[in-house]
Each structure stands twice: as structure tokens, then as C-alpha cells.
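Morning, everyone. Please bring up the sequence and the model.

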Amino acid sequence: MIKAVIFDLDGTLLDTLPDIKKTINDTLRHFSYPEITMEQTKRYVGDGAYQLVERALPKGACNDEECFEYFKETYAKSDNSETLLFEDEIPTLKALAESGLKLAIVTNKPQGATLAVTKQFFSEIPFSFVAGDSGDFPCKPDPALALYAAMKMQVPPAECVFVGDGETDAQTAIRAGMCGISCLWGYRTEEQLRAAGATRFVRSFGELKKALENL
């Protein structure tokens with residue numbers, strides 16, 4: 001029986017790509033590097049902010065740590081004006097919570113930015129656990145933070161569902177011993193997700209609700 005649902009954030013609960021692109025390009029301009037496109041940003045996200053910055057920097061750049069710190073601090077102060085919720089998301093999350101399921105967020109997004117967007121967009125949703133990349137745990141697909149979330153919610157991993165749009169999310173679910181559901185409204189294709197081991201797919205929050213009801 002499923003007792004908790006753990007969500008990825010970027011591409012799963014929020015379409016953050018425009019604001020991520022804006023901040024990474026602010027960072028690149030600050031250090032006099034060429035900017036990247038939306039398509040490049042989409043390809044580079046998913047493995048944490050450090051990997052994003054590293055991928056966005058041109059070959060030969062030797063100040064990746066400095067650029068990462070600038071990006072992290074700038075993004076934490078973002079007004080998230082271009083970030084959007086997905087269709088039917090808030091009613092679905094409310095319904096899941098009202099059904100008795102515990103809800104959590106586990107993301108590779110920096111901790112400061114994670115807390116900021118959660119407060120801004122999900123003040124009505126009673127998340128039991130919210131955590132991003134604070135440096136205390138390795139980033140997904142390492143399952144450590146997902147397992148810690150399950151422990152904090154006092155739910156066995158086998159009774160948790162991990163929902164995400166990326167390869168790292170599919171792999172996290174497998175490695176944590178959780179049921180994985182991959183959402184197709186995010187930043188990866190079904191083909192990419194299947195290659196990462198995903199077997200369950202949903203195309204909307206309405207489909208997600210039905211899928212959870214049938215587990």
C-alpha cells in the first residue's frame with residue numbers, strides 16, 4: 001500500500017526552465033562567457049546546479065567553482081517570474097494530501113532556491129519533507145536523500161512512490177527500492193526515460209492521480 005509520494009521539482013512540479021536559463025546566462029555574462037540557448041539549458045539540467053554550470057561553461061574555463069557560487073546565490077534571489085505550475089497540479093496535490101498520502105520534495109536544485117520556490121508556489125500544500133542540494137547528501141541518482149525523506153516521514157521505501165521527469169529520478173526510484181513514475185510533461189522524452197529504466201509513465205496530473213489510486 002502506498003503511503004507517501006516523493007516529487008522531483010524542476011520539470012515535475014514546476015516549469016522552471018526559463019528562469020534557470022535566465023540565471024545561468026546572467027552568470028555567463030558576468031564572467032564574460034557566451035550565453036546558452038533554451039535547448040542547451042534543457043539538456044544540461046537534471047544532475048544538479050554544479051553540473052549545469054560546468055556544462056554551460058566553455059571548454060578551458062577554469063573558474064567553475066566561482067561561477068557555481070555566483071549562480072547559486074543569484075538563483076536563490078530570483079523572483080521566479082517566468083516559472084509556471086502545470087495544468088491541474090494544485091487540485092491534484094491537494095486531493096492526494098486529503099486522501100492521507102504524505103507528500104515530499106527531493107530535488108537536485110540548490111537548497112536555497114528549493115525552499116524559496118516551495119514557499120512561493122506551494123503554500124497551500126502540506127509537504128511533510130522538502131529538501132534540495134545542501135551539500136549534506138549526494139545528488140540524485142544517489143538514493144540517500146530519498147531514503148532519508150522516507151525515514152523522516154516514517155514510511156518504508158517500498159510504500160513510497162518517486163515521481164520525476166528525468167533519468168536521475170527513474171534511477172533514484174530503482175536504487176531506493178521505491179515505485180517509480182515518470183512524468184512526460186517535463187524535460188525528457190519517454191525514450192530517454194525508458195533507457196534509464198523507467199517503466200511507468202503519466203502525461204498529466206490527472207493521469208498521475210489515477211495511477212496512484214491503482215497502486
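**From one residue to the whole chain**

Let's start with Glu-69, which is partly exposed, at a relative accessible area of 32%. Keep in mind that this is a predicted model. Why partly exposed, and not buried or exposed? Buried means under 20%, and exposed means over 50%. The 32% of Glu-69 falls in between, so partly exposed is the label.

Where does Glu-69 sit? In helix H4, which covers residues 64-76. Now look at Tyr-50. Glu-69 and Tyr-50 are 19 residues apart along the chain. Their C-alpha atoms are separated by 8.8 Å.

Next, Thr-23. This residue belongs to helix H1, residues 17-30. Is Thr-23 buried or exposed? Buried, because its relative accessibility is 4% and the cut-off is under 20%. What does Thr-23 touch, once neighbours within four places in sequence are set aside? Phe-71, Thr-74 and Tyr-75.

On to the sheet. What is the strand order? The sheet is open, has 6 strands, and reads S3-S2-S1-S4-S5-S6. The pairing is parallel. Which strands form the edges? Strand S3, at 129-133, and strand S6, at 201-202. Each of those two pairs on one side only. As background, strands in a sheet pair through backbone hydrogen bonds, in parallel or antiparallel fashion.

Let's zoom in on one pair. Strand S4 is residues 160-164, and strand S5 is residues 179-183. The two run parallel, joined by 4 bridges. Take Gly-164: its bridge partner in S5 is Ser-182.

Now the whole protein chain. The secondary structure count is 10 helices and 6 strands. How does the radius of gyration look? A compact globule of 215 residues would come out near 17 Å, and this chain has 17 Å, so the two agree. Along the principal axes, the C-alpha trace spans about 55 × 35 × 30 Å.

How much is buried? Of the 215 residues, 49%. The accessible surface comes to about 10,000 Å², and carbon and sulfur atoms account for 50% of it.

Contacts next. Take those between residues at least 6 apart in sequence. Of these, 66% join residues at least 24 apart.

Last, charges. The chain carries 23 positive and 32 negative side chains. How far apart are the centres of the two sets? They lie 3 Å apart.

That's my tour. Over to you.

Methods
Residues are numbered from 1 along each chain as its sequence is written. This is a predicted model: local features need pLDDT of at least 70, side-chain atom pairs count only at pLDDT 80 or more; totals for chains, interfaces and linings use all residues. Side-chain values use heavy atoms; hydrogens and water are left out. The radius of gyration is taken over C-alpha atoms; the globule rule is 2.2 Å times the number of residues to the power 0.38. Buried means under 20% relative accessible area, exposed over 50%, partly exposed in between (1.4 Å probe, protein chains only). Contact means heavy atoms within 4.5 Å. Accessible areas come from the Shrake-Rupley method with a 1.4 Å probe; for residues, only the protein chains shown count as cover. Lys and Arg count as positive and Asp and Glu as negative; His and the chain ends are not counted. The place of a charge is taken as NZ of Lys, CZ of Arg, CG of Asp or CD of Glu. Two strands pair if DSSP finds at least two bridges between them.
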